[in-house]
Amino acid sequence: MNACCDTPVFEPPAASTGSSLRTVVLIGPPNSGKSTLFNKLTGLRQKVANYPGVTVEQRMGVMAGIGRSDLTLIDLPGIYSLTPYSEDARVAVNVLRGRMPGTPKPDAVLLVLDSLHLTRQLMLAAPVLDVGLPTLVLLNMSDLMKSRGGQIDTLKLAGELSAPVAQISAVRGTGLGSVSLFLNQQNGHGEKNKPLLLPVLGNAASTHTWAAQVSRNTGYKAPLSAENTRRIDNVLLHRFWGPLLFLLVVIGVFEVVFALGQPLSDGFGELLARIGEIARPLIPTGWLQSLVLDGMWKGVCSVLVFLPQILLLFLFIGILEDTGYLARAALIADRVMRTIGLNGKAFIPLLSAYACAIPAIMATRTIENKRDRLATILVTPFMTCSARLPVYLLLIAAFIPNIYFLHGVIGLRTITMLSLYVAGFVAAFTTARLLKSSILRSSDTPFILELPQYRMPTLYSLGLRLMDRARIFMKTAGTIIVAVTLALWALAHLPVIHTASGALSAPQLADSLIGRLGHFIEPVIAPLGFNWKIGIGLLSSVLAREVMVSTMGTLYGADPSTQALNLQTALHHDMTLGGALALMIFFAFAMQCTSTIAVVRRETNSWLWPAAQFFYMLAMAYGAAFAVNHIAMAIWG
Amino acid sequence: MSEANTPKPRLRPEAIWPYTELRPIRSYFRLALRFGPLQGVCQVGVLSDLTVGDTGVLVALDLPENVQNHLMHMGFVPDAEVTALRRAPAGDPTVYGIDGMEIALRHETASAIQIRPLEIRSAAAQPSEVRPNVARPAEAPVTEFRPIEATAQPANGSSVAPKRGSGVASKLVEAAR
């Protein structure tokens, strides 16, 4: 990059594109609405939310949304400048410059700027225009700007930038015609743009002066700052009410998951069971019926039952993310995070790990300091992800009595659930503290966080999230769980034995292959209060935590003595209260998720970290479960 | 919030005398800065000293290269106006308003950012009074951010005697003349 380029003549790189335009890239500052626009232009469903740093890697899609399926659109993480500060920004800059392996070199740029804060956002325009690709400048959220009394002369701005400028609203989908128009023009012979006066690049102060001058010349009038955001923050970031409200929201979420979600889940479970009964006459009796209904269907149902409760949890997380509260939570948590040697930014991945650890580990790319990022990755799987929820819900419903305290305000089941979440949280914090004070010690990196304005979450985006999550959940149920159940069912019915009468028959469960395997590992887990069936469940749950529930469903389905019972009752055959508590604690700490191991391997680029993490968490889970079981035995005999 | 209606950049003596163990000397400085012979000497303070609701003008950043670059691209450039909007519940990260954006910084970062007091606003309202020897260049960027108290400000024009709290600021203006 040339340091000083006062009058660069930029034109489409004729040599590489010729007449054809193939790849278009979306770039802009964080939280300016690139992914929303990406979804509109491609018809895809990239995750969007209201905080900076939602997108952390490049995402590609064809522009089918505006009928240009011949073009590839790349969505990028938000950047403040072309000098990358964090990992996600590095990705964006590399793609823009065509230096990212596996990603095509862009032929044109859509620069998305938030027109509510145009002066500052224009600072990015200078270096992006200097890259020299044909650029369309899109002023997003123009509807909000106008309704709040802001204004801008787009023609003048286009003149100042020598690039076409259009006002759009990605959420409403207005102004997208300009994008197709721009792309159609580029398809022909590239017209030469006029020279452009740019500031000294790389010097933030001169870029700022330039941006301010441009915005002044174009008659930009900033909209009134959103007083609502300040007013809401007066309460939510209040010294006393802020943290209290935060706690109340968290407790409320779990209460709702139980109080409202449990009946929903029960109804859903009954519906699924009825479907099974309707299908029963359709399948010939014998081993096939046993396989399909008692094995597969029972296994899949036992997990699917929890879908309503998981969706409720996701609804709340979605509301937190879309309103912009997540960034405030990071601000509140910074003080606590500092004591463990991390900063508030690490809190955003940790919070989103309540949904799932995999996107959370990806989200650590926004953490600038490499050591901080590694520490966050290593402790993220301790956070209680939604895959643990089926196991907790099942065990709590089976073993914890439904008692309410404080005149029905808070239930014992909610308390148990909350303490499991707290246990995960405490484990994450302690581990982070250990890591940061030993092998990952580093000097403090500054905490710099942009707080987005509050926005009302739209029903549409929340609905999309829930549908996507439901689909992922069903997909797991349809693939991993079906496969595991099939394997388990087969193992439970082999080897085939000859009965006294000479007919072939399945062995007793304890004598089957699975039974022998279970009995083989039983001595290891017996001190935790688990018998061999739970051991099989633990083994299978390494694939994914919720498989535990389906495994138990299949095993009890295969055992004649428990076949007729529901899962909760059947569990009482095998477990004491101590064992159940120990099992829950085991799940709170153990890293039973192959996808998480794979993503940690990818993000840390080594097998060392995921291996260390797996065994550390396993040891912790074993120790805690052992302690809990023995304490419970001492108390309740 | 009635205090916020008058701009009174508060400069802590620690900014120029950071040795806490020498308390008597420090308290002398504090009194001297506030009421005594040193009134108006301290032209530069740091961002973390800004009380909530007050606005200062950014002078320089004293941070590692990459952090500084990042902050500057977020709008923390010399001559930008920064307002301390609120402190986090735990008291530490403070939310600063700059260019209409809200950005949270920790105390140690903010204390490496030097600011000077906001000049009396009426200078902008009455262009004839703009003095050439003010540090701010004539081509200073007009930032779109206006602090909350800006609307209440014109009543407190240069002819009106500043209140007690804004002693340092008025001294500064005097010194600049």
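**Domains of chain A.** I looked up the domain assignment of chain A, and it gives domain 1 (14–217) and domain 2 (466–636); such bounds come from an automatic or database assignment. The C-alpha centres of the two domains lie 49 Å apart.

**What I am looking at.** This is a predicted model, where local features need pLDDT of at least 70, side-chain atom pairs count only at pLDDT 80 or more, and totals for chains, interfaces and linings use all residues. Residues are numbered from 1 along each chain as its sequence is written, while chains are lettered from A and ligands numbered from 1 in the order in which they are written.

**Where chain B meets chain A.** I found 31 residues from chain B and 33 residues from chain A in the contact (C-beta atoms, placed from the backbone, within 7 Å). Which elements give two or more residues to chain B's side? They are helix H2 (65–73) and strand E5 (101–105) of chain B. Helices (H or I, at least four residues) and strands (E, at least two) are DSSP runs, numbered from the N terminus. H2(B) gives the largest share, 7 residues.

I followed 7 strands through an open sheet, in the order E9(A)-E5(B)-E4(B)-E3(B)-E2(B)-E6(B)-E1(B), with antiparallel pairing. Two strands pair if DSSP finds at least two bridges between them. The edge strands are E9 of chain A and E1 (45–46) of chain B, each pairing on one side only. Helix H15 (residues 325–339) of chain A packs on the sheet and touches E9 of chain A together with E5 of chain B. The direction of H15 makes about 145° with that of E9(A).

**Two pairs of strands up close.** Strand E9 (residues 448–451) of chain A runs antiparallel to E5(B), joined by 4 bridges. Here A:Leu449 has B:Ala104 as its bridge partner. Within chain B, E3 (residues 81–87) and E4 (residues 94–98) pair over 5 bridges, again antiparallel. I spotted B:Arg86 opposite B:Val95 in E4(B).

**Two helices of chain A.** I checked H14 (residues 307–323) against H21 (residues 459–493): they pack at an angle of about 140°, with axes 9 Å apart. Axes are lines fitted to C-alpha atoms, for helices over the stretch in contact, and angles run from 0 to 180 degrees between N-to-C directions. So H14(A) is oblique to H21(A) (under 35 degrees is roughly parallel, over 145 roughly antiparallel, 65 to 115 roughly perpendicular, the rest oblique). Residues of H14(A) that meet H21(A) include A:Leu307, A:Phe314 and A:Asp322; on the H21(A) side, A:Arg465 and A:Phe473 are among them.

How values were computed. Two residues are in contact if their C-beta atoms, placed from the backbone, lie within 7 Å.
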